[in-house]
Amino acid sequence: MTEITSLSLFELIKNIKEKKISSNEVTKSFVYRSEKSKKLNTYVTENFENCLKLSKEFDNKPNFDLKLPGIPIAVKDLFCTNEVRTTAGSNILNNFVPSYESTVTQNIWNEGGILLGKLNCDEFAMGSSNETSFFGNVQNPIAKDLVPGGSSGGSSSALAANLTPVTIGTDTGGSIRQPASFTGTVGLKPTYGSCSRYGIVAFASSLDQAGPMSKDVKDSSILLEVISSFDKKDSTSIDFKRNNYSSELTRNIKGIKIGIPKEYRVDGMPGEIENLWKKGIEYAKDCGAEIIDISLPHTSYALPTYYIVAPAEASSNLARYDGVKYGLRSPGESLIDMYEKTRSEGFGEEVKRRILIGTYVLSSGYYDAYYLKAQKVRQLIKKDFDDAYNKVDAILTPSTPSSAFKIGEKSNDPVSMYLNDIFTVPVNLSGLPGISIPAGRDKNNYPLGLQIIGKPFDEQTVLNIAYSMEEKINYKNNITDWWME
Amino acid sequence: MVLCDNIFYHMTIDLKTVKHISKLARISLEEKKAEKLADDMNSIFEFIEKLNELKTENVEPLTSIAETTLRFRDDKITSDNIREKILKNSPEKNDDFFVVPKVVE
C-alpha cells in the first residue's frame, strides 16, 4: 500500500470506513511525518498527543456515518480553538488560549475530524509569503528557501509536504489561492457568507472568508461540504441551500461557458504565465466548455481599492488589542503609555504599516477622499463581474503573476509584495467563489496555478470545472523530502 | 485641499503626519522606524492614487457585499456565567476585574 500520508482525504475516508486502516494508524503516520519535518516550520502549536488519544477513542467507538471519520486535520492558526493556543501569527496573541471554538472548526470536529495542530501564517493574515509571522518563515517543500505563499503559508506547506491530509485557510485577498498555487495544491475561497467568520481572528471583515485547501479537487469538495453552513453567530452568514458538493461533483461540463477576461493580460506578465493560461483554455475546451472573450474593465483598480478597504477595516478590527482583556501587555506609566508600548511591541512591521494606512484613510477629513472613493470603485469592480455573468458561467485566469519566490526577495518592497494578489483580490472585493488548481510548472520546476472564478453561491460549477480540468492537466507534485530529519 | 470625490494629488506623508497617525492608532514609534514607515506609506499612496482616474460622482458606494438585511434576535442571555473564562486570558486581574494602570489622578 502507498504511504498513508500521501493518500488523498477521499482515499483515507474510504480505507477507514472499510476498516482497512484505523484512525490511530492514520494519525500516527501524520504525527510521525510532522515530527520529522520541523525544518519546514509549519506548526505554531502541536496537538499531537491529544490527537493520538482522540484517534484511539474514535477507534474504540467508531462512527462511520460521519463525513470525516477519525481524520486528523491541522488548521491555520487564525481559527480560535477551544483550550488550544491561537496566535494569528502574532506576538500580541502569543499566549492567547481561547475559551470558545470557531464555527468552521467546530463543523469539522462534529463530522469526526480531530485537531492535529495549528499552522503558521502571516501575522493577522497580512502577507503573501508567510514572512510577516512572529513565529518565523515557513519553507516551501517544493524547494529550499522558497516561500510557501501567504498568508496561509503554514497550511499550504504542511499540505504539500503531506503533514496533514487537508487543511483550512482564510482568504482576504488571495491568502488561500496564492499559497495553493505556490505549492502545487488546490485552494478554494467560497462565496462571502458561505462559511461562518465566527471565531476567526478578524482582519478585514467584508473580505475575510474561510475555505478548504487540499491535494485534489474532490477533497476540497468534501471539506467544503463540512465547513459551509449558515451560522446565527455571524451577522453576514447567508442562509442559502448548500449543495452536497462532493456527491454532486461531476466532470460533465459540456456546453458550460467560460469567460477569458482580457484585462488579466497585465504588463510585465511572464511568458510562462501567459502560456499556462493558453494551455488552460485548451484544457477547458477539451472538457467541452465554450470559451468566450469578456471584459472586466476595472480590474487594474482592484489592488488600489483593496489597499484602502483592507487596511481601513484592519485598523478598526485590531483596535481591540490593547493589553487589557487578553494578549500581551507591556508595562507603561499611564494607560495610554501602556497601550502604545503594548501595540508597538506586540505588532510586527507589516501589521503596523497597515494599521497606520487604515487609520490615515479613515481619519477626519480624509474619509471621503479615500474610503468612500474606494467603496465606490468596489461597486464598479463588482458590477464588472455582474455584467460578465450575463454571458458566462465562470471565468478562467492565472492564479498569480509569478511562481513562488525566494525568502527575502520581496520583503523590503511592500508594493511589489502586494502585486502578488493582482488576480485574486477582485474576487474578494466582489464576494465571489474562486479556486486555484495546479496547472503546470515554470522553468525552475516550481508549480503554477490557474484560477476559476464562479457566480455567487455557485461553488458547485467552480468545483466541477476544476475537477474536469484537473483530470486533463494531470499535475503531480514531485516532492523529494529534502527537509526530513 | 479638495475633499469631494477625488483623492489628493501628490499628498506627501511626512514624518509629522506619521507621528500624528501613530498617536491616533496608539502605537509608539522610534524615530528611525517612523522615517521608514513614511517612505513605505508614500510608495503605497502613490500606488493608491490610481483611483483618481475614475469618475465616481454617480456611483453608490458598496457597503455590504452580502446582500442581506441584518437579522433580529431575541434579547435573551444565551451564555452561562463565563466570568472566569473571560478573565482567564487577562494580563492582570483581581477576582472580578481587569486591572489597568491608574487612569484618574
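**Classes and pockets**

For sorting residues I count Ala, Val, Leu, Ile, Met, Phe, Trp, Tyr, Cys and Pro as nonpolar, Asp, Glu, Lys and Arg as charged, and the others, Gly among them, as polar. The model is predicted: local features need pLDDT of at least 70, side-chain atom pairs count only at pLDDT 80 or more, and totals for chains, interfaces and linings use all residues. Residues are numbered from 1 along each chain as its sequence is written, chains are lettered from A and ligands numbered from 1 in the order in which they are written, and side-chain values use heavy atoms, with hydrogens and water left out.

I looked up pockets on a 1 Å grid over the protein atoms alone; a pocket is an open set of points with protein on both sides within 12 Å along at least five of seven lines, and a lining residue has an atom within 4 Å of a point. Grid points are joined across faces, edges and corners, and a volume is the space filled by probe spheres set on the points.

The largest pocket has a volume of about 1400 Å³. I find 36 residues in its lining, and nearest its centre lie Tyr100(A), Tyr198(A), Gly199(A), Lys233(A) and Ile82(B). The lining splits into 16 nonpolar, 8 polar and 12 charged residues.

The second largest pocket holds about 650 Å³ of space. Its lining has 23 residues, with Lys215(A), Asp216(A), Tyr475(A), Lys476(A) and Asn477(A) nearest the centre. Helix H5 (153-160), strand S10 (434-441) and helix H15 (459-473) of chain A are the elements that give two or more residues to this lining; helices (H or I, at least four residues) and strands (E, at least two) are DSSP runs, numbered from the N terminus. H15(A) gives the most, with 4 residues. By class I note 8 nonpolar, 7 polar and 8 charged residues.

**Cavity**

A cavity is a set of points where a 1.4 Å probe fits but cannot get out. I searched the whole structure and found 1 cavity of 30 Å³ or more. The largest cavity holds about 60 Å³. It is lined by 13 residues, and the closest to its centre are Ala125(A), Gly127(A), Ser175(A), Tyr306(A) and Asp421(A).

I then checked the backbone at Ala125(A): its phi is near 65°, a positive value in a residue other than glycine. Ala125(A) sits in the loop between S3 and H5 of chain A. Ser151(A) is found in the loop between strand S3 (114-119) and H5 of chain A, and a cis peptide bond joins Gly150(A) to Ser151(A), with omega about 10°.

**Chain B against chain A**

For contact (heavy atoms within 4.5 Å), I get 58 residues of chain B and 73 residues of chain A. The buried area, which is the accessible area (1.4 Å probe) that two parts lose on being put together, summed over both, is about 5600 Å², and carbon and sulfur atoms give 68% of it.

I took a salt bridge as a side-chain nitrogen of Lys or Arg within 4 Å of a carboxyl oxygen of Asp or Glu. Lys88(B) and Glu83(A) form a salt bridge at 3.7 Å, N to O. Glu92(B) and Arg329(A) form another at 3.0 Å, N to O. Glu92(B) lies in the segment after H3 of chain B and Arg329(A) in the loop between helix H9 (302-317) and helix H10 (335-346) of chain A, so the pair joins two chains.
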